[in-house]
Amino acid sequence: MIKQVFELDEYLGFCESFKTDSEYSDPHFTYSPDTLYTALERSDRSVYAVFDEDSIIGLFVLLILSEDNYAEMLIGFSREEKAYCELIGMMKEGYAGFTMDFVFNPANQAIKEVLIKNNALLYPEQVRMMATAPSPYQARHRAELLSEKYEEQYRSMHTVDTYWTAERVLSAKDRFRVYVALSGDEVIGYLDVTYCFAENEPYDFKVKESHENEMIEADLLSYALRQNLPNKMMCLVDADNEAEIAVLEAVGFERVEGQNCVTGMIGRL
């Protein structure tokens with residue numbers, strides 16, 4: 001049985017039992033416990049618990065954006081396939097047609113098996129990397145905050161197949177900053193990054209084909225890290241992408257052990 005819950009206190013012992021469980025700990029909870037503790041304060045978040053008779057076997061924090069037909073499992077605490085089946089069954093019944101993402105511990109075989117049975121797309125395992133300050137990296141290209149002068153160039157080269165399109169990013173000025181790399185008056189690369197949190201995150205980077213292999217990503221990240229001080233910056237990168245990891249390490253990022261994750265996506269519930 002699955003039901004929505006509106007108080008967390010009686011379930012906190014269950015949730016906190018996952019903290020040191022190497023197989024079933026939750027990546028979001030590990031690096032940001034408030035994702036759980038403040039979930040009921042957010043209008044776009046819901047909490048559900050799954051029970052086997054009188055015993056709780058799962059607790060989930062969900063982000064649900066009805067206007068975008070999108071949902072995400074922000075927190076997933078369960079060691080049993082049955083609980084994940086209940087969750088997905090409920091979502092299919094109440095949110096048919098939605099896209100839903102699941103971010104989880106790579107060692108969690110219970111959710112992995114359920115997602116495979118539901119024809120989810122599983123993305124590669126990712127490493128969490130963190131920067132508390134920029135390294136002495138010396139940039140090769142001029143980088144600056146996006147101004148109106150360069151907005152049209154930014155729009156024309158922006159990634160299209162993404163939730164955070166150029167227009168959404170530009171309309172979320174309280175959340176995002178956009179940095180551009182320039183060659184004269186030509187935008188040759190951009191970086192979308194949050195700036196309003198204690199721990200910010202790059203969301204999108206792109207460089208023109210004619211300027212690939214010029215360390216433009218490093219230039220933009222290095223600049224963004226300086227503008228981000230005194231806050232931290234986090235980045236997720238595919239565990240087998242050694243070239244990307246090297247770029248991040250060059251500008252000041254370090255690997256965070258024990259916080260790798262996998263994302264699964266059900267394209268249509």
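Select F14, F18, F29, Y37 and F77: they form one aromatic cluster. The model you are viewing is predicted. Across the whole structure, a search finds 13 aromatic pairs. One of them joins F29 and Y37, edge-to-face, with 5.8 Å centre to centre and 75 degrees between the planes.

Stay on F29. It is buried, at a relative accessible area of 4%. Y37 is partly exposed, at 31%.

Next, select helix 4, residues 81-94. Its 14 residues reach 20 Å from first C-alpha to last, close to the 20 Å expected. Colour A83, Y84, L87, I88, M90 and M91, the buried residues of helix 4. Look down the axis: these buried residues fall within an arc of 155 degrees, so they line one face of the helix.

Two charged ends come next. Pick R168: its charged end sits over the ring of Y163, 4.1 Å from the centre. Then pick R177, whose charged end sits over the ring of Y195, 4.2 Å from the centre.

Finish at N228, in helix 8 (residues 216-228). Is N228 buried or exposed? N228 is buried, with a relative accessible area of 6%. A polar atom of the N228 side chain lies 2.8 Å from the backbone oxygen of K232. Leaving aside residues up to four places away in sequence, N228 touches N200 and M233.

Notes: Residues are numbered from 1 along each chain as its sequence is written. This is a predicted model: local features need pLDDT of at least 70, side-chain atom pairs count only at pLDDT 80 or more; totals for chains, interfaces and linings use all residues. Side-chain values use heavy atoms; hydrogens and water are left out. Helices (H or I, at least four residues) and strands (E, at least two) are DSSP runs, numbered from the N terminus. Buried means under 20% relative accessible area, exposed over 50%, partly exposed in between (1.4 Å probe, protein chains only). A polar contact is a pair of N or O atoms within 3.5 Å; within protein, one must be able to donate a hydrogen and the other to accept it, and residues adjacent in sequence count only if both atoms are side-chain atoms. Contact means heavy atoms within 4.5 Å. The expected span of a helix is 1.5 Å times one less than its number of residues. The arc is that of the directions from the helix axis to the C-beta atoms. Rings of Phe, Tyr and Trp (its six-membered ring) pair if their centres lie within 6.5 Å; planes under 30 degrees apart count as stacked, over 60 as edge-to-face and the rest as tilted. A charge sits over a ring if NZ of Lys or CZ of Arg is within 6 Å of the ring centre and within 35 degrees of the ring normal.
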